[in-house]
Amino acid sequence: MINFIKENTKVNNLYLGQSDLNKIIREFKEVLTENKEKILEIYKIDNKNCMQSINFDTMLDILKMYENEEINKKDKKTITVALYYGNPYITINLCIHALLQKKAIMALTYDSLLGINKFIINAFNSILKKYRITSIIELFNCVKIEEIKKFEKCVDKIICIGNTNLYYQLKKQGIEKLEYIPFKNMAIYCDEDEYSQLQFELYNYLTKIGIEAEICEEDIEEFIEYVNLNNELENIVILSKSNEVIQKAEKEIKKHKVYINENPLKKEKFKVQLI
């Protein structure tokens with residue numbers, strides 16, 4: 001890890017034009033598409049140890065959303081540590097984000113889809129070599145909290161993406177450069193017996209695809225108070241037939257996206273705002 005940090009003090013010398021960015025994204029998509037069967041085979045192996053579901057087309061869609069994105073013109077070098085559950089959607093976001101923001105990113109996961117994440121990062125770094133760009137993202141597995149604390153002084157930022165448990169563990173260790181970024185983290189409210197099975201099915205599916213979710217049993221007033229105070233949440237699901245509950249939720253829930261009796265993932269694009 002220290003070698004990666006030392007090597008990437010050079011990342012501030014990275015100069016990238018808009019056309020180069022789009023070329024790299026297109027090549028990245030092509031490499032992933034050409035290796036689709038291999039990636040899915042790796043996923044099958046990974047999935048024996050980690051029941052996390054992915055969709056190959058979603059990975060390509062994430063890359064497409066970054067085409068023509070504005071590039072950071074600042075010359076200042078930054079090194080970021082990103083800790084997450086190993087969702088490949090986040091890995092792809094991190095790759096392009098490193099390029100756009102001139103960041104060296106240390107991606108830390110914990111035995112979660114390790115093979116497919118290694119493939120994605122290695123493929124990305126191989127493309128960068130063609131443009132004489134040093135590897136600006138590297139995957140590290142099962143790094144102990146004590147080690148993270150040791151190299152805190154060497155990095156600019158430590159971010160936990162969608163992993164609240166690890167975030168609070170690190171916070172207890174007194175790490176100052178720590179930030180939390182939600183990854184579709186969801187709270188589900190249901191007051192209809194008819195929808196209770198749907199509620200649990202949604203919860204189980206979200207867990208399967210690596211998204212933290214919680215089922216809340218409070219009444220609607222307590223639920224609204226809770227979610228408004230919770231900065232770790234991003235999406236709120238309300239399953240109810242009561243017009244009073246629906247109107248109250250729509251009017252009083254702040255900051256978060258609210259889905260009323262609808263699939264919260266139907267319109268999600270899985271692009272992560274990391275800035």
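**Entry 1**

I started with L113, which sits in the loop between strand 2 and helix 6 (114-130). Helices here are DSSP runs of H or I with at least four residues, strands are runs of E with at least two, and both are numbered from the N terminus. Before going on, I noted that this is a predicted model, where local features need pLDDT of at least 70, side-chain atom pairs count only at pLDDT 80 or more, and totals for chains, interfaces and linings use all residues. Residues are numbered from 1 along each chain as its sequence is written, and side-chain values use heavy atoms, with hydrogens and water left out.

What is the phi of L113? I found a positive phi of about 50°, although L113 is not a glycine. L113 counts as buried, at 1% relative accessibility. (Buried means under 20% relative accessible area, exposed means over 50%, and partly exposed is in between, with a 1.4 Å probe and protein chains only.)

I then looked up K102, in the loop between helix 5 and strand 2 (103-109). K102 isn't a glycine either, yet has a positive phi of about 55°. Is K102 buried or exposed? It counts as buried, at 4% relative accessibility.

**Entry 2**

Next I turned to helix pairs. Two packed helices are described by the angle between their axes and the distance between the axes. The axes are lines fitted to C-alpha atoms, for helices over the stretch in contact, and the angles run from 0 to 180 degrees between N-to-C directions.

I took helix 2 (residues 18-34) with helix 4 (residues 56-65): their axes come within 9 Å and cross at roughly 170°. That makes helix 2 roughly antiparallel to helix 4. (Under 35 degrees counts as roughly parallel, over 145 as roughly antiparallel, 65 to 115 as roughly perpendicular, and the rest as oblique.) On the helix 2 side I listed I25, F28, K29, L32 and T33, which meet F56, L60, L63 and K64 in helix 4. Contact means heavy atoms within 4.5 Å. By class, I wrote down six nonpolar, one polar and two charged residues for this contact. (Ala, Val, Leu, Ile, Met, Phe, Trp, Tyr, Cys and Pro count as nonpolar, Asp, Glu, Lys and Arg as charged, and the others, Gly among them, as polar.)

Helix 2 also packs with helix 5 (residues 88-101), at an angle of about 160° and with the axes 11 Å apart. Helix 2 and helix 5 are therefore roughly antiparallel to each other. Their crossing is right-handed.

R26 counts as partly exposed, at 41% relative accessibility.

**Entry 3: the cores**

The largest nonpolar core has 63 residues, and F28, L32, L94, L99, F124 and I161 have the most contacts inside it. (A nonpolar core is a set of buried Ala, Val, Leu, Ile, Met, Phe, Trp, Tyr and Cys residues joined through side-chain atoms within 4.5 Å.) I followed I161: leaving aside neighbours within four places in sequence, its contacts include Y84, I90, L94, F183 and V272. Another core, of 20 residues, lies apart from the largest one, with I79, F140, I145 and C160 among its members.

**Entry 4: helices 10 and 11**

Helix 10 (residues 220-229) and helix 11 (residues 243-252) pack at about 20°, with axes 11 Å apart. That makes helix 10 roughly parallel to helix 11. This crossing is right-handed. I220, E221, I224 and N228 of helix 10 make the contact with V245, K248, A249 and E252 of helix 11. I sorted that contact into four nonpolar, one polar and three charged residues.

**Entry 5: two glutamates**

Where is E234? I found E234 in the loop between helix 10 and strand 8 (235-239). E234 is buried, with a relative accessible area of 18%. Not counting residues up to four places away in sequence, E234 touches P182, F183, K184, N185, H256 and K257.

My last stop was E262, in the segment after strand 9 (257-260). E262 is partly exposed, at a relative accessible area of 36%. E262 and L274 are twelve residues apart along the chain, and I noted 27 Å between their C-alpha atoms.

Definitions and conventions:
Left-handed = near helix turned anticlockwise from the far one by under 90°.
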